[in-house]
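Biologist: I have the sequence and the structure open. Can you walk me through them?

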Amino acid sequence: MWGGRFSEATDSFVAAFTASVSFDQRFARHDIQGSIAHATMLKECDILTADEVATIIDGLQQVLREIEAGEFNWSIALEDVHMNVESRLTDIIGAVGKKLHTGRSRNDQVATDIRLWLREETDNIIELLVRLQSGLLDLAEQHTDTIMPGFTHLQTAQPVSFGHHVMAWFEMLYRDTERLVDARRRINQMPLGSAALAGTTFPIDRTITAELLGFEGICQNSLDAVSDRDFAIEFTSAASILMMHMSRMSEEIILWMSAQFNFVQIPDRFCTGSSIMPQKKNPDVPELVRGKAARVFGQLMTLLSLMKSQPLAYNKDNQEDKEPLFDCVDTLTGSLLAFADMLPNITPNKESMRAATMKGYATATDLADYLVRQGVAFRDAHEVVGNAVALGIKEGVDLSDLSLAQLQQFSDAIGEDVFDYLTLEGSLAARDHLGGTAPNQVKQAVVNGRARLKAFA
């Protein structure tokens with residue numbers, strides 16, 4: 001492979017140690033796609049003849065058929081996917097196969113392959129995200145009136161609609177989708193034509209290749225084009241934020257499934273049991289997603305560390321960019337597949353949620369707001385409600401169960417209509433503004449969410 005420069009063969013261990021074909025063969029289809037476009041461009045620029053290019057393309061298509069049929073013999077001695085494909089091409093069509101590499105290098109070839117592959121995977125992930133968000137919208141729509149406690153510091157804070165909580169998940173994922181759509185623009189820039197690092201002396205036309213491969217832009221500097229992995233780091237960063245969101249959702253589901261909460265159930269097919277405790281139903285899918293988030297975070301750190309000390313242009317270090325990126329994509333895709341099937345099938349335990357909401361004096365803020373509307377300064381209202389809560393704790397009852405006389409001992413601004421504001425339904429309905437938890441606002445948020453998702457179709 002190295003021609004006449006070397007006086008001895010590569011050590012067998014070094015050959016295996018430096019080879020990447022065991023994992024970069026994943027790029028085979030994209031490598032052949034790029035080679036067909038490159039050969040077509042060489043014909044258009046009169047660098048290769050039409051007959052030569054037709055022969056090359058026929059040969060590449062045969063190589064692809066062999067790979068897809070599982071009949072291709074991958075060789076570590078040929079180091080990577082690019083040389084394996086080119087070597088087999090030359091076996092099939094003879095010496096003309098050696099002309100394919102005219103005007104390019106493996107440096108710009110691999111950079112192109114990664115971008116083609118990651119662009120496709122990003123599209124698949126965005127599609128999965130949209131499916132997951134659509135399922136969440138359906139779930140939220142079913143439970144706009146289902147009451148649960150909203151938490152801060154994991155302490156009961158205020159009543160919210162379960163649908164409103166689900167819509168919070170939707171918003172998190174919507175931002176993730178926007179990030180990936182934006183990152184895709186920078187993934188979809190073509191490095192091919194940069195050759196090893198300085199461009200090529202052949203009169204190529206990179207716009208032809210970019211159009212054939214569906215790139216929306218061309219990398220503007222050959223040094224940067226072959227050594228840039230920003231797009232992979234950016235994707236992995238977006239994936240890490242997405243996995244962080246999914247981990248937070250997982251944590252809530254795990255807590256809510258516990259006997260102590262008993263808020264939700266997920267279908268048995270997403271759970272496992274215990275080998276010794278017959279009563280157990282373990283939320284394995286959410287637990288695994290929570291754990292896999294750490295794995296994706298680690299791949300981001302790997303790519304950042306890989307690139308931080310590299311001088312321009314390409315270095316062999318960059319061979320180590322693929323496995324972290326592959327693992328990140330595989331982990332994220334699997335997690336999204338599981339969530340897209342599981343989350344829309346959550347069943348809330350309405351009675352348990354309501355009972356939990358009643359235990360935490362969740363309408364205390366509503367009482368304070370009521371007093372403010374009666375002309376009491378908020379800080380004074382805050383103290384009044386604190387005293388009322390203390391009495392409720394002492395009596396072992398909720399604020400709504402205290403008598404009017406008991407409440408009025410703390411403020412004569414409290415009237416009989418106060419109980420309209422201390423009910424859970426009244427609390428939800430009172431927050432009737434954009435982004436609020438009032439059921440009609442949640443219903444409108446679902447309608448808006450469906451309209452917003454159309455932008456990603």
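Biologist: How many cavities of 30 Å³ or more does the structure hold?
Modeller: One. Keep in mind that this is a predicted model. The largest cavity has a volume of about 30 Å³.

Biologist: What lines the largest cavity?
Modeller: His38, Met41, Leu192, Gly193, Ile204, Asp205, Arg206 and Thr209 line the largest cavity. Two elements give two or more residues to that lining: helix H3 (28-44) and helix H8 (206-213).

Biologist: Is threonine 102 buried or exposed?
Modeller: Buried. Its relative accessibility is 18%, and the cut-off for buried is under 20%.

Biologist: On to H6. How many residues does it have, and how far does it reach?
Modeller: H6 has 37 residues, 106-142. From first C-alpha to last it reaches 54 Å, close to the 54 Å expected at 1.5 Å a residue.

Biologist: Why call H6 largely enclosed?
Modeller: Because 28 of its 37 residues are buried, H6 is largely enclosed by the rest of the structure.

Biologist: What happens at the start of H6?
Modeller: A side-chain oxygen of serine 105 reaches to within 3.0 Å of the backbone nitrogen of asparagine 107.

Biologist: Now the largest nonpolar core. Which members touch the most others?
Modeller: Ile56, Phe162, Trp169, Phe235, Leu336, Leu343 and Ile346, out of 88 residues in that core. H6 gives the most to this core, with 14 residues.

Biologist: What is tryptophan 169 in contact with?
Modeller: Leaving aside neighbours within four places in sequence, tryptophan 169 is in contact with Leu136, Met249, Glu252, Ile253, Trp256, Leu343 and Ile346.

Biologist: What about the second core?
Modeller: It is separate and has 19 residues, including Ala368, Val376, Ile414 and Val418.

Biologist: Which residues does lysine 322 touch?
Modeller: Phe23, Asp24, Phe27, Val110 and Ile114, not counting residues up to four places away in sequence.

Biologist: Changing topic to the backbone. Which residues does a cis peptide bond join?
Modeller: Leucine 312 and alanine 313, with omega about 5°. Alanine 313 lies in the loop between helix H11 (284-307) and helix H12 (322-342).

Biologist: What is phi at aspartate 46?
Modeller: Positive, about 60°, although aspartate 46 is not a glycine. Its place is in the loop between H3 and helix H4 (50-68). Aspartate 46 is exposed, with a relative accessible area of 70%.

Biologist: And what is phi of leucine 154?
Modeller: Near 60°, a positive value in a residue other than glycine. Leucine 154 is found in the loop between strand E1 (147-152) and strand E2 (155-161).

Biologist: Is leucine 154 buried or exposed?
Modeller: Exposed, with a relative accessible area of 52%. The cut-off for exposed is over 50%.

Terms used: Residues numbered from 1 in each chain as written. Predicted model: local features only at pLDDT ≥ 70, side-chain atom pairs only at ≥ 80, totals over all residues. Heavy atoms only, no water. Helix = DSSP H or I, 4+ residues; strand = E, 2+ residues; numbered from the N terminus. Expected span 1.5 Å × (residues − 1). Buried < 20%, exposed > 50% of the residue type's maximum accessible area, 1.4 Å probe, protein only. Polar contact = N/O pair within 3.5 Å; in protein donor to acceptor, adjacent residues only side chain to side chain. Core = buried A, V, L, I, M, F, W, Y, C linked by side-chain atoms within 4.5 Å. Contact = heavy atoms within 4.5 Å. 1 Å grid on protein atoms, 1.4 Å probe; cavity = no way out; pocket = protein on both sides within 12 Å on 5 of 7 lines; lining within 4 Å. Points joined across faces, edges and corners; volume = space filled by probe spheres on them.
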